[in-house]
Amino acid sequence: MDITPRTAAGRQIINAYGGGGFRVGGVAYIGSVLVLPDRTLPWPVTAIADLALDTLAPLRDAVPRVEVLLIGCGASMAFIPRALRDALKAGGIACDGMDTGAACRTYNVLLAEDRRVAAALVAVP
């Protein structure tokens, strides 16, 4: 049974994760990625400890504006530093950290609801 959510054409649905990469919109990506509704970009962050505001610039500058950012922290959930959360909030972006698998699934649900969502996903083995 196909459980892929129905979305508008061109939307970036996360099809799979693991093995050090992702499949988004049917395209394979090796390493971590930033996923927006209309595009997927490589992301140089390999561990949540490398997360910084400047690494999220493509999401902060996105048009239309991102309202919800899901941060996939890798194999397990990690806390997002308060200073980073506050900086994103000041820019109108709510963020939530969770394990990468949960972030992928939640992103797909919010995208299907036509929310302005993005995901910053650390690759898992």
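Reader: Which residue is the bridge partner of I71 in strand 8?

Author: This is a predicted model, in which local features need pLDDT of at least 70 and side-chain atom pairs count only at pLDDT 80 or more, while totals for chains, interfaces and linings use all residues. Residues are numbered from 1 along each chain as its sequence is written, and side-chain values use heavy atoms, with hydrogens and water left out. Strands (E, at least two residues) and helices (H or I, at least four) are DSSP runs numbered from the N terminus, and two strands pair if DSSP finds at least two bridges between them. Here, the partner of I71 in strand 8 is A120, and strand 6 pairs with strand 8 (residues 117-121) in the parallel sense over five bridges.

Reader: How many bridges join strand 6 to strand 7?

Author: Five bridges join strand 6 to strand 7 (residues 94-98), and the two run parallel; in strand 7, V68 has A94 as its bridge partner.

Reader: Are the faces of strand 6 covered or uncovered?

Author: Buried means under 20% relative accessible area, exposed means over 50%, and partly exposed lies in between, using a 1.4 Å probe and protein chains only. In strand 6 (residues 68-72), five of its five residues are buried, with V68, L70 and G72 on one side and L69 and I71 on the other.

Reader: Why does T55 count as buried?

Author: T55 counts as buried because its relative accessibility is 17%; its place is in the loop between strand 5 (39-42) and helix 1 (57-60).
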